[in-house]
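Here are some notes to read alongside the model. Please keep the structure open and look up each residue as it comes up.

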Amino acid sequence: MGNSESLKNEAKSQPHVLNRARAAYLGLAIGDALGATTEFMTPGEIKVAYKVHRKIIGGGWLYLKPGQVTDDTEMSLALGRALLASEAWDRKGIADNFLAWMRSQPVDIGATCRRGIRDYMFKGQLETPYNDWDAGNGAAMRMMPVALFTLGHDELLSRYAKEQAHLTHNHVLSDAACLVIGRMVHRSIFGCNRFELHELTRELVAEYHTFRFNNYRGNASSYVVDTLQTVFHYLFTTGSFEECLIGVVNQGGDADTTGAIAGMIAGAFYGLEEIPARWLKKLNREVREEVEAQASRLVKLSPWGCSRLE
Ligand code: MN
Ligand code: MN
């Protein structure tokens, strides 16, 4: 009896899980498209130019079309495509897709990502050696497909988060950031509350004090510690998906990436209904379709999904 009751509850929760998984992936792409406009600007410059930046209008230092995304979303999609093609964890497939992406002349590519992909191209290297300078946010920004693919399995998340990161970035702080982002997405997809989400950041700070984010000082650089402090600050001082993303992208700096990471977590936390329709409409259509398709298919392949979904 108890068992059939819990099965019924579980069946009811399935649409919510898929909804939140899609919202997380869409949140990533929306944060990227929205934040690209203010990337590398200061909060003061943003205020002069836009008062408050809140529309997906493209432009920025990359001269984007409205709704166009950058490397954050593109690398995530490349990674996700590899997993869906193999229907399994496939580091070489991911590296091949990163290489194909680099050759497609992307609108932007980070220096550390480029180095890692070139080392794969020339040496077949799937794990870049430890490097003190690898604490950028380039591995953390592409955690979305890994989080969905490992849904329901924390150990797999830990392993794969590191393996995908080490294709280009090998640093303890980058590893820790990748893992906490994955965990925050996992918990949010299963409907955790704000307190439980905050608990994960406390565990991170207990292990690495440098991630402390009370008394936020407004640094939003691409150093992964600055990036996560910015994301956490706005995640926990705002009450909606929209407010969180607007806060993050108006902080400038690496705004497309802080936007992308905040978008993943806030998307999963607040769900699809909370994503403003005007942002969804503006997002590049092909990107939106692939993002939604990947989200559902990755959840179906996950440990959580393969036992529950057709
Ligand atoms: Mn970018
Ligand atoms: Mn960026």
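1. Asp-119 has a relative accessible area of 17% and so counts as buried, where buried means under 20%, exposed means over 50% and partly exposed lies in between (1.4 Å probe, protein chains only). Its salt-bridge partner is Lys-123, with the closest N and O atoms 3.6 Å apart. A salt bridge here is a side-chain nitrogen of Lys or Arg within 4 Å of a carboxyl oxygen of Asp or Glu. Lys-123, at 58% relative accessibility, is exposed. Both residues belong to helix H5, 4 residues apart, or about one turn of the helix. Helices are DSSP runs (H or I, at least four residues) and strands are too (E, at least two), numbered from the N terminus.

2. A word on the basis of these notes: this is a predicted model, in which local features need pLDDT of at least 70 and side-chain atom pairs count only at pLDDT 80 or more, while totals for chains, interfaces and linings use all residues. Residues are numbered from 1 along each chain as its sequence is written, chains are lettered from A and ligands numbered from 1 in the order in which they are written, and side-chain values use heavy atoms, with hydrogens and water left out.

3. How many salt bridges does a search of the whole structure find? The search finds 12. One of them joins Lys-92 to Asp-96, with the closest N and O atoms 3.2 Å apart. These two are 4 residues apart in helix H4 (residues 91–103), so about one helical turn separates them. Lys-92 is partly exposed at 46%, and Asp-96 is partly exposed at 32%.

4. Helix H14 (residues 285–301) holds Arg-285 and Glu-289, again 4 residues apart, about one turn of the helix. They form a salt bridge whose closest N and O atoms are 3.2 Å apart. Arg-285 is exposed, at 65% relative accessible area, whereas Glu-289 is partly exposed at 47%. Elsewhere, Arg-54, Glu-242 and Arg-278 are joined into one network by salt bridges that share partners.

5. Is Met-143 buried or exposed? Met-143 is buried, because its relative accessible area is 0%. This residue sits in the loop between helix H5 (111–123) and helix H6 (144–149). From Met-143 to Ile-117 the C-alpha distance is 17 Å, and the two are 26 residues apart in sequence.
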